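I'll jot down what I look up as I go.

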Amino acid sequence: MDNVAFPILLGLFILLVILEFVIVLRPWKTSRWFRWINNSLVAVTGLPTARLLLLPATLFMATLCQAEGFGLLNWFEFPVWVAWPVGLLALDYAMYHWHRINHLVPFLWRFHNVHHADMEMDISTAIRFHFGEQLFSIPYRLIVISLFGVSPMMVLVYELVFEAATLFHHSNIRLPKKMEGLMVKLIVTPRMHGIHHSVVKNETDSNYSTVLNVWDRIHSTRRLNIPQEKITIGVPAYRSKADNKFWRLLILPFTKQRGWVYEDQSVPERDATDKTQVF
Ligand SMILES: [Zn+2]
């Protein structure tokens with residue numbers, strides 16, 4: 001992870017940062033510096049949790065299952081060309097459900113809210129995850145790994161793909177519509193994930209996939225019909241600068257959660273009859 005995946009992810013991160021200056025998808029409305037500093041500070045608490053706890057725990061479980069012959073892929077002698085796709089698809093499908101559970105369960109939403117409350121979405125949003133969200137995902141991931149008997153190498157490869165996909169679809173880059181239209185047939189793209197970060201509730205409650213978006217298609221949670229210029233990013237009750245300061249974000253999960261309304265109590269809505277296909 002440190003010798004191979006990290007340099008790849010760092011390279012991708014730098015490339016996307018540069019592209020965000022050149023091809024902008026949603027023009028920034030607030031100070032990029034303010035968000036970058038506060039999002040980076042959240043990352044300083046979240047990323048070490050992922051690297052020092054989440055990754056070792058998942059690798060330990062995968063190694064243990066392999067040694068003990070536990071889990072679907074360890075029970076049967078599948079050829080590599082079957083085992084690898086099954087393992088990677090299982091992990092990606094599990095992460096679709098984990099993301100959906102984070103939106104459904106009020107306790108987990110308290111932590112995921114920190115990620116969604118960002119007033120704009122760009123590459124810095126991709127690293128803005130509360131350490132609590134990372135922590136609570138550990139037992140879930142351990143269960144998935146043990147059920148499927150995913151190997152340690154599969155865990156590592158999926159982690160690299162998962163992180164790369166997360167960086168990519170949070171980035172604020174304007175890809176040619178034709179190109180993104182082709183990509184969105186298979187994977188989650190910046191426009192698709194932009195809809196997931198909308199202030200409109202039923203738009204936030206869509207597009208949960210991370211790598212492949214087939215999971216959203218299967219569960220009818222895929223939405224592609226909102227043009228980016230019509231999207232306001234964030235969580236309506238947390239769209240102030242004060243709410244988006246680092247220390248406020250750190251304690252946000254432990255404070256009383258506000259309803260899905262703007263400060264003036266109005267509810268963000270959109271005409272549901274709009275069937276425009278953006279791609
Ligand atoms: Zn989400």
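Charge over ring, my cut-offs: NZ of Lys or CZ of Arg within 6 Å of the ring centre and within 35 degrees of the ring normal. I looked up Arg32 with that rule, and its charged end sits over the ring of Trp28, 3.6 Å from the centre. I also found the charged end of Lys201 over the ring of Trp260, 5.1 Å from that ring's centre.

Housekeeping: I am working on a predicted model, where local features need pLDDT of at least 70 and side-chain atom pairs count only at pLDDT 80 or more, while totals for chains, interfaces and linings use all residues. Residues are numbered from 1 along each chain as its sequence is written, and side-chain values use heavy atoms, with hydrogens and water left out.

**Zinc site**

Which residues hold the zinc ion? I get His99, His103, His112, His116 and His196, each through NE2, at 2.1 to 2.2 Å. Donors here are N, O and S atoms within 2.8 Å of the metal (3.2 Å for Na, K and Ca); water is not among the atoms, so sites may look incomplete. I noted the sequence spacing as H-x3-H-x8-H-x3-H-x79-H. His112 and His116 are four residues apart in helix α5 (residues 106-116), so about one helical turn separates them. My helices are DSSP runs (H or I, at least four residues) and strands likewise (E, at least two), numbered from the N terminus. Both His112 and His116 are buried, where buried means under 20% relative accessible area, exposed over 50% and partly exposed in between (1.4 Å probe, protein chains only).

**Aromatic pairs**

I pair rings of Phe, Tyr and Trp (its six-membered ring) if their centres lie within 6.5 Å; planes under 30 degrees apart are stacked, over 60 edge-to-face, the rest tilted. By this rule I count 13 aromatic pairs. One of them is Phe70 with Trp75, edge-to-face at 5.7 Å centre to centre and 65° between the planes. Trp75 is exposed at 52% relative accessible area, whereas Phe70 is partly exposed at 42%. Phe107 and Phe136 are edge-to-face too, because their planes are at 75°, with centres 5.2 Å apart. Phe107 is in helix α5 and Phe136 in helix α6 (residues 131-148), so this pair ties together parts 29 residues apart in sequence. I also noted a cluster of Tyr93, Tyr96, Tyr208 and Trp215, linked by ring pairs.

**Transmembrane record**

An unreviewed UniProt entry places "transmembrane region" at residues 6-25, 37-58, 78-96 and 138-158. Its positions are in the numbering used here, feature names are shortened, and annotations may be inferred rather than shown by experiment. I checked residues 37-58: 100% helix, 0% strand, end C-alpha atoms 30 Å apart. Residues 6-25 come out 85% helix and 0% strand, with end C-alpha atoms 26 Å apart.
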